[in-house]
Amino acid sequence: MKFSMSSRALGVVCTVAIALFMGTAGRAQQGRAGGAAPAQGRQGGAAPAGRQGGAQQNFDNIEVRSLHVQGQVWMINAGFVNAAIQVGDEGVLVVDTLVEPLADKFLAEIRKIAGNKPIRNIINTHVHPDHTGGNEKIARAGKSIVGGNFAGQVGQQAANQAQIFAHENVQLRMSQPGPNEPMIPFAAWPTDTYIEAQKDIYFNGEGIELLHQPNAHTDGDTVVYFRKSDVIVTGDVYVNTTLPVINTQQGGNLNGIIKALNTIIRITIPKEKQEGGTYVIPGHGRLVDEADVVEYRDMSTIIRDRFQDAVKRGQTLDQVKAARLVRDYEGRYGATQGFWTTDAFVEAAYKSLSQPQAVTRSN
Amino acid sequence: MRRILPFVAATLLVSAPAFAQADLGGVWAPLMHEDQPERGPGPEIGDYLGLPITDAMRLRAESWDASILTVPEHQCKPHPSTYGFRGVGNLRITNEIDPDTQQVTKIFTHIGWQEQEREIWMDGRPHPPDFAPHTWQGFSTGHWEGNVLVVETDHLKAGWIRRNGLALTDKAHMTERFFRHGDVLTHVYIIEDPYYLSEPLIKTNGFRLTTDLTMAPYPCASVVEVVREDGEVPHHLPGKNPFIGSFATKHNVPAEAASGGAETALPEYMKKLKR
């Protein structure tokens, strides 16, 4: 794996990241990663500030860094959020587009890695603006191959931007935002949606699986698996900076997240001694392999079982909060401030298990 | 000749060995002494005596069910470097030497059980960025303080300090010191974890140099040992682990002492218990 930055530059970025996201003193490697999410970045979708986040948060000091994972896939890290690109002879495929104010830096990093190869495709793992905010700008920097009947229907101008793939529910939420959600420009919407459990793409000589994870982080989550490069990009169904982020307002559910984590574990194959092999790029946090996802899956399952037991015994939300059922994990993954606090998780997890599945827009 | 002399002098300066450095190379057998019950058969469940664990770590350990080790994803895990030297395996240390400078650029340690292969970089390189992968052995850099090898390790996977559920987070950091006294090697390790340890955990391990040990390979392939529902994770609900109290009862140790904490490591704690 090759890093694209000098250690000095990385040190600066680390310092900025710590200052922005942790708000606690101490060793950089031991800070409360995820302790306090940025105003709009790591959010569960309920934060309407999403696309206007640039006005609230200064992104000038955030650097967009890259790490060659393996095969044709690079991890893109902007401190608080991740994306990925696949680069090959046919061009560039982008998985998630970071926040809007970082789109230019993201494009610069893509150019550094891929030169002038055209950006052909974008995949959105879910609807939230820290993963789709750059859609418009990055799509417009790309080009599609358009022809046949499709060109007749939409016009040749459709070739002037990259295609955007996502689950149907992403487009539904972008095109029909809720009362507290911002309008998303048409150019940022997905151009190619799917409703089935799996959509396959073949690009740059490799099969790419788009695997819908129903009712997990939201109702429109996609896990992307690059079969030849052997890399998975998870979106926010797996993060390693916070407790599981469950957007119950948008169809998210703790059991769905656990199911998605087990799906990821089913796909991953360690090279040897439960290490290496398939690599996993999370929505937020560091690059991992199967063992790290297993650690997170175990935690999520243990916590779920404790909550389920409490619900079965008729405990109220206040009683569950008072019992501090996540206290063995809240130091590492919890937070008392920022968007996704331990309390927010407890409320969402309790709701996930004590109420019927939230109404979703799934088919 | 005038040109050659400065060149030779410069070469001598660059390649001059640090004479105080010890050669740790060789195969070392663990000396367990009084630690044998913990390091050999393994610690008893609920034995946290004298360990500076936090409440968070205690709950984590009390929830631990040994059946987790039968889950396929857990079967081939090697010991992390935060525990491996405490385990029972033989230790092999080898040096990688730069042929030009004759300096040690990397030290490898290898422990037999599950092939715990570790690299200790001696070339002063920086540690990887925060978003780089973590490994079981972590990322280690070393330097010499006199004839003592000092090693700093981070980028560790979430590991453990004991085989009874006492876990570490992936934010743990370890400092080690290797002292060689003839045929005896003393390994001191200091582990810090901001979430599971209230104070640094400090332990020592002893090894004796040996010439008649070989390292066998240790292949591992996971299998389904227990048929379970997809995604089932064995664990005990809080307060429901039936085995936690058995250590204290068996050894006639107050339950409060068995549950550990920094205070239980101090001699004064005995007096407190008597009061």
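Of the 275 residues of chain B, what percentage count as buried?

A: The model is predicted, so local features need pLDDT of at least 70 and side-chain atom pairs count only at 80 or more, while totals for chains, interfaces and linings use all residues. Residues are numbered from 1 along each chain as its sequence is written, and chains are lettered from A and ligands numbered from 1 in the order in which they are written.

In chain B, 37% of the 275 residues count as buried (20 or more other C-beta atoms, placed from the backbone, lie within 10 Å of the residue's own; 12 or fewer is exposed, and in between is partly exposed). Chain B has eight helices and nine strands (DSSP runs numbered from the N terminus: H or I of at least four residues, E of at least two). The C-alpha atoms of chain B fill a box of roughly 80 × 50 × 40 Å along the principal axes. Of the contacts in chain B with a separation of 6 or more, 61% are between residues 24 or more positions apart (a contact has C-beta atoms, placed from the backbone, within 7 Å).

Of the contacts in chain A between residues at least 6 apart in sequence, 64% join residues at least 24 apart.

Helix H9 of chain A (residues 290-312) also packs with helix H8 of chain A (residues 254-267), at an angle of about 155 degrees and with the axes 10 Å apart (axes are lines fitted to C-alpha atoms, for helices over the stretch in contact, and angles run from 0 to 180 degrees between N-to-C directions). On the side of H8(A), the contact includes A:Leu254, A:Ile257, A:Ile258 and A:Leu261. On the side of H9(A), it includes A:Val293, A:Val294, A:Tyr296 and A:Arg297.

Elsewhere in chain A, an open sheet of seven strands has the order E1-E2-E3-E4-E5-E6-E7, with mixed pairing (two strands pair if DSSP finds at least two bridges between them). Its edge strands, E1 (65-70) and E7 (192-194) of chain A, each pair on one side only. On average, neighbouring strands of this sheet are turned by 20 degrees against each other, direction ignored.

Two helices of chain A lie across this sheet at separate places. Helix H3 of chain A (residues 103-114) lies across E1, E2, E3, E4 and E5 of chain A, running at about 30 degrees to E3(A). Helix H7 of chain A (residues 168-175) lies across E6 and E7 of chain A, running at about 100 degrees to E6(A). In H7(A), the buried residues are A:Asn169, A:Val170, A:Gln171, A:Arg173 and A:Met174, and what covers them includes E6 and E7 of chain A.

Strand E6 of chain A is mostly covered, with five of its five residues buried. Strand E5 (residues 119-123) of chain A pairs with E6 (residues 163-167) of chain A in the parallel sense over three bridges, and A:Ile122 stands opposite A:Ile164 in E6(A). E6(A) and E7(A) likewise pair in the parallel sense over three bridges, where A:Phe165 has A:Asp192 of E7(A) as its bridge partner. From E6(A) the chain crosses through H7(A) to E7(A), a β-α-β crossover that is right-handed (with the strands pointing away from the viewer, the path from the first strand over the helix to the second runs clockwise).

A:Gly142 is found between helix H5 (135-140) and helix H6 (148-154) of chain A, and it counts as buried because it has 24 C-beta neighbours inside 10 Å. Leaving aside neighbours within four places in sequence, A:Gly142 is in contact with A:Pro118, A:Ile119, A:Arg120, A:Gln161 and A:Ala162. By contrast, the C-alpha atom of A:Asp328, 186 residues away along the chain, is separated from that of A:Gly142 by 46 Å.
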